[in-house]
Amino acid sequence: MTTVVDLPLLPLGRGVDLGSERGVECPGDLPSPSDPSLVARALAAKEALGSRVFVLGHHYQRDEVIQFADVTGDSFKLAREAAARPDAEYIVFCGVHFMAESADILTADSQKVVLPDLAAGCSMADMARLRQVEDTWAALEAAGLADEVVPVTYMNSSADIKAFCGKHGGAVCTSSNAETALEWAFAQGSKVLFLPDQHLGRNTAVLKMGMSLEDCVVWDPHRPGGGLTPEELAGARMILWKGHCSVHGRFSAETIPQLRADVPGVQVIVHPECTHEVVLAADLVGSTEFIIQTIEAAPAGSAWAVGTELNLVKRLASEHPDKRIVFLDKTVCYCSTMNRIDLPHFVWAMESLVDGVVVNQIEVDAETEKWAKVALDRMLALPGKTHKD
Ligand code: SF4
């Protein structure tokens, strides 16, 4: 097998690469970030567009932007909300690229999905490129294993990876239904190729499905044969793609004992994109929606250390002044790509729509959309659990 190098450098601000999750320039004249009239301009544009526009805001967005969202949520909830608004001509997605792609897949062809800044990609989604995954599949075929492998991709992946899974008998999952999705996958085959987040895959396999760490191997797309021996590959049940979230992957289990000493009675709640060590050291683990609901339902006076994106943790702290809510790790910062969506980009996108110009439209091609929808529909058909990311 040859190792495919499919990551040509594309410095920010130079060139446009809509086929990838990487940052690209945002053309057009942006309002100055210091312009004091931005809030009024955003309100005026929203009013002028009325029901023609529906604004979606991911929980990790800045306050300055999320105040204009018609609905807030995780990536899957937002995609479903977009699909439930067939009358909206424009869907303005304040989130990242793969989320806008999912919204485009799940909405009518006539609806236009706009991402205010095309540089709002996702480093995790970027870690699994289609050519790399195809190369991996070829290696699994050469090893005589592909027939027993079911590919499952996390919602946080590009549309072409979702389509790959659809084409090869696999499905999409979210952080809420990963266990159900894996149960389904292991009913189809004896091994799972889990993309692109190794931590969600490992945490679900070991903590929810009773597998051992030895059942899991990590496939490194930058090394021949994934960096695995034929025996390791043949013996594995979970083949985890070597990808991670550059925000959640930075939390460290080492901070937790000191935190418990400093904040008596604190409960540590983290997202399953955190490393296995962090999840083991935490009290509770769950999706973004799970974290929000748990803290909302907690009694006044309770104390929480939260391991997820900082914008959300700060918002939770300000919305629940009766509870003590702290960020799990001072060395972790905002999701830089989520933060690309700021008020100047939002105002520019909205005012352009008022002028009849659709900027930064996210369009998934018909063939990719068809197969990605197959994988998404398999997830939607899963029994029981809610589908939250
Ligand atoms: S928080 Fe992590 S997974 Fe979510 S958009 Fe940012 S880099 Fe991607």
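Biologist: Which residue of strand 6 is the bridge partner of T153?

Modeller: The bridge partner of T153 in strand 6 is V172. Keep in mind that the model is predicted.

Biologist: How do strand 5 and strand 6 run, parallel or antiparallel?

Modeller: They pair in the parallel sense, over three bridges, with strand 6 covering residues 171–173.

Biologist: Which other strand is joined to strand 5, and by how many bridges?

Modeller: Strand 7, residues 191–195, is joined to strand 5 by five bridges, and these two run parallel.

Biologist: Which way do the residues of strand 5 point?

Modeller: Start with the general idea. In a regular strand, side chains alternate between the two faces of the sheet. In this case V149, P151 and T153 point one way from strand 5, while V150, V152 and Y154 point the other way.

Biologist: Are the residues of strand 5 buried or exposed?

Modeller: Six of the six residues are buried, and the strand is mostly covered.

Biologist: Why is Y154 counted as buried?

Modeller: The test is a count of C-beta atoms within 10 Å, with 20 or more needed for a buried residue. Y154 is buried because 30 other C-beta atoms lie within 10 Å. M155 also counts as buried, because it has 26 C-beta neighbours inside 10 Å.

Biologist: Where are Y154 and M155 placed?

Modeller: Y154 is in strand 5, residues 149–154. M155 is in the loop between strand 5 and helix 7, the latter being residues 159–167.

Biologist: What does UniProt list for this part of the chain?

Modeller: An unreviewed UniProt entry lists residues under "binding site", among them Y154, M155 and N156. Such annotations may be inferred rather than shown by experiment.

Biologist: With which residues is Y154 in contact, leaving aside its neighbours within four places in sequence?

Modeller: Those residues are C173, L195, P196, D197 and L200. L200 is also one of the buried residues of helix 9.

Biologist: Why is helix 9 described as largely enclosed?

Modeller: Because eight of its 11 residues, in the range 198–208, are buried. The general idea for a helix is that residues three or four places apart point the same way, because an α-helix has 3.6 residues a turn. In helix 9 the buried residues run from Q198, H199, L200 and G201 to R202, N203, T204 and A205.

Notes: Residues are numbered from 1 along each chain as its sequence is written. This is a predicted model: local features need pLDDT of at least 70, side-chain atom pairs count only at pLDDT 80 or more; totals for chains, interfaces and linings use all residues. Helices (H or I, at least four residues) and strands (E, at least two) are DSSP runs, numbered from the N terminus. A residue is buried if 20 or more other C-beta atoms lie within 10 Å of its own, exposed if 12 or fewer, and partly exposed in between; C-beta atoms are placed from the backbone. Two residues are in contact if their C-beta atoms, placed from the backbone, lie within 7 Å. Two strands pair if DSSP finds at least two bridges between them.
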